[in-house]
Each structure stands twice: as structure tokens, then as C-alpha cells.
Protein chains: 2
Amino acid sequence: MRPHDHGDCIRRVLDEAERRAAEDRVNFTPVRRHALEILLESHAAMPAYGLLKRLDADGFGSQPPVAYRALDFLIEQGFVHKVERLNAFVACMYPHETHTPAFLICRNCRSVAETCVAPTPAALLREARAAGFAIERSMMEAEGLCRDCAREEDAPCD
Amino acid sequence: MRPHDHGDCIRRVLDEAERRAAEDRVNFTPVRRHALEILLESHAAMPAYGLLKRLDADGFGSQPPVAYRALDFLIEQGFVHKVERLNAFVACMYPHETHTPAFLICRNCRSVAETCVAPTPAALLREARAAGFAIERSMMEAEGLCRDCAREEDAPCD
DNA sequence: TTTTCATAGGTTATACTATAACATTCCAGC
DNA sequence: GCTGGAATGTTATAGTATAACCTATGAAAA
Ligand SMILES: [Zn+2]
Ligand SMILES: [Zn+2]
Ligand SMILES: [Zn+2]
Ligand SMILES: [Zn+2]
């Protein structure tokens, strides 16, 4: 991840979430909001039990449903994605647009970058149509080496 | 899934696996082969513990590593894919070509169709290049309604 | 031949992920 | 004030995956 003003990421996404929740008349309760804030702390993917631990520390309860219910809501609203490959969750960086999330997952440092790809890729859409399948949600995940880790592997003095 | 000669699917994939294993000098042992045969029995995705139960019934051992080791091998060789969304496994229907597996997963009947999509979609590849990310594997998963289930939902007498 | 090394498999235990089920609280609308 | 739905509290359990260590096998090196 390139250096950037992460405070800006946080404000931007949180504001948009707030706005969308109001617009859609959904209940953006304290625990839900706080879960999103925790996930927004970094662009890394966080496992459910990591989130739960944080929520517990902040007084929101210690039982698994606390985390999973918050996550269900946030995913439903499109504020959070699940990275299936990692069984972990990330705040969406493009909550203002409907999209097919696409993740670049580094097998070395496990960093996760969400890239901005349009709704369902054309090739998949074509295949789905041919099969009579109606796509409602889709996602893409790619595993490989991030820029930084690739540089390390290249280094002759490794 | 349309009606088809499934025995033909099985023979075709098994032969190709046999051939590729010999070519790559990897050890296609009885338990590995039998695990693939079990997964080939249908195009549905099977959970690891379902596979384990079958392997156990056929005398290959009852402990989780039995199944997970066989799956690790089969995935490594490209004979099997994991459907991340379902935490379940399917035999690859296109073992003769390197590809990005793409699955159409019905949210109603949980059927899984693997569609034949080329290596990493162009859009994702572009994004990855821009980020300096080297993709090694990628996959796509789409959730929605299969042809049959869509028909049912349409039915006025449902 | 004996040693060595790598791969596969056996076995036990445990960690991690997720949901079911039911009780309780809260609040908006009637 | 009653009522119904949404959110939360609480307990229990189901489901997924890996760690760790040990044994067997067989082919290559010494
Ligand atoms: Zn997103
Ligand atoms: Zn990395
Ligand atoms: Zn495939
Ligand atoms: Zn279906």
C-alpha cells in the first residue's frame, strides 16, 4: 500500500456510510458503527474473532454473535467485504458505488488491496447468460506477490 | 446442470489427471486418486468433512488430515478447486488448461457450475499491474439463481 | 550395502470460524 | 398502554482447518 492520508480514507468512508444508512433508513447502531471504525483502522483484513476481541475490549460484548451480527449488517449494506480466501473482513474503500470487489492478496505479507473494478466482468456475465444463471453478487480474488514483497524476493542478498 | 453423460465427465477428467500426474512425476497415490473419484461423482461441491466421511467408509482413515492432505495435493495439481464461498471442493472440469476458475453458485439449491473463463480477466490484470502486484492465482465466484431455481421463483403457484 | 533423505501417511490434539436457539430489551406506531 | 419488529444478550454447539510428532517407504548417495 502506497503512503497516503489514511485519516482521509476513514473520514470519507465513514461519512458515506452514515449518509447511506440515513438514506436507506437502516439502523446504524453504536456496535455496528464501531465495528466499521475498527475495520477502517487499516487496509488489512481482520478475522471475525479479531474484531470481536476489539469490540469486547471496548465494552460491546464478548460473544461471537456480537461480531457476526455487526459484520452481517455491514456486509449487507455494502460497507464491508469478506475476503473469502482469508476468512477475514475489510472495510470497502468504494462504498459509493455498486461494484464487484476484487482483492489482491499477498501470499507473503497477507496484505489485501481492494481494486476498483466495475460490476461483474463481461466474460463471466456472458458465461452466466449462456447457462441461464442470474448473477446477484460476484467477487474476484487474486493471490500473488505485492510490490514490496516482490522487491524482497528479488533482492540478491536475501 | 443440463443432462449429460456424466460417466464421460469422470473418465475424461480421471484420464487427464492420470496423464498429467505421470508427466509431472507426482505421486498419484490411492487415497489421492480415490478422493478425486469421490469428488467426481457429482458436479456439486463437497465439504472436506463430507469427503473425509466417504474416505473413511472406504477404508482410507478417519482423521481430518486424511482429507485435507488429499485435497492439498489435488488443488496443487489443479485437479480440484476450492469454492471459497462454500468452504467446499469440486473436481475441476477443465484440468487440461490453466485457467481462472469461475463459479456460478445458486443461493437457492447450492448447485455449483464451473464455467470456462480464460486466465485472469483483463480488467483485474490491469489493476494489478498498476499496483505492482504479481498475480499467481485468481478466481471468481458469483452468487445468484440458477436456471431451474429462477423458474421456480417465477412460478405464480409457488 | 548401508546410510541418508525426502515424501507420504498415521495419530492425537487443538485452534479457528460460524451459527442455532431462545430470552430480553427497546422503541415506533397503533 | 399495547403490540410487533428489530436489535441485542446469552448459552451452547456445529463446522472448518492445522499443528505437531511419529512411522513407513523407497529411491539416491556414499
Ligand atoms: Zn468494495
Ligand atoms: Zn506483500
Ligand atoms: Zn477448473
Ligand atoms: Zn438452483
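I count a residue as buried under 20% relative accessible area, as exposed over 50%, and as partly exposed in between, with a 1.4 Å probe and protein chains only. By that cut-off Cys146(A) is buried, since its relative accessible area is 12%, whereas Cys109(A), at 41%, counts as partly exposed.

Before going further I noted that this is a predicted model, in which local features need pLDDT of at least 70 and side-chain atom pairs count only at pLDDT 80 or more, while totals for chains, interfaces and linings use all residues. Residues are numbered from 1 along each chain as its sequence is written, chains are lettered from A and ligands numbered from 1 in the order in which they are written, and side-chain values use heavy atoms, with hydrogens and water left out.

Entry on the zinc ion (ligand 2). I took as donors the N, O and S atoms within 2.8 Å of the metal (3.2 Å for Na, K and Ca), bearing in mind that water is not among the atoms, so sites may look incomplete. I found Cys106(A), Cys109(A), Cys146(A) and Cys149(A), each through SG, lying 2.2 to 2.4 Å from the ion, with the spacing C-x2-C-x36-C-x2-C along the chain. Cys109(A), in the loop between β3 and β4 (112-115) of chain A, and Cys146(A), in the loop between β5 and α6 (147-154) of chain A, link distant parts of the chain, being 37 residues apart.

Entry on the zinc ion (ligand 1). Here the protein donors are His81(A) (NE2), Cys92(A) (SG), His99(A) (NE2) and Glu114(A) (OE), 1.8 to 2.3 Å from the ion, and their spacing reads H-x10-C-x6-H-x14-E. This site is tetrahedral because its four donor atoms subtend angles of 99 to 128°. I also noted that Cys92(A) and His99(A) are buried.

Entry on the strands. I read strands (E, at least two residues) as DSSP runs numbered from the N terminus, as are helices (H or I, at least four), and I call two strands paired if DSSP finds at least two bridges between them. Strand β3 (residues 102-106) of chain A pairs in the parallel sense with β5 (residues 134-145) of chain A over five bridges, and Leu104(A) stands opposite Ala142(A) in β5(A). Between the chains, eleven bridges join β5(A) to β5 (residues 134-145) of chain B in the antiparallel sense, with Ser138(A) opposite Ala142(B).

Technical notes: Tetrahedral: all angles 85-135°; square planar, octahedral: opposite > 155°, others 65-115°.
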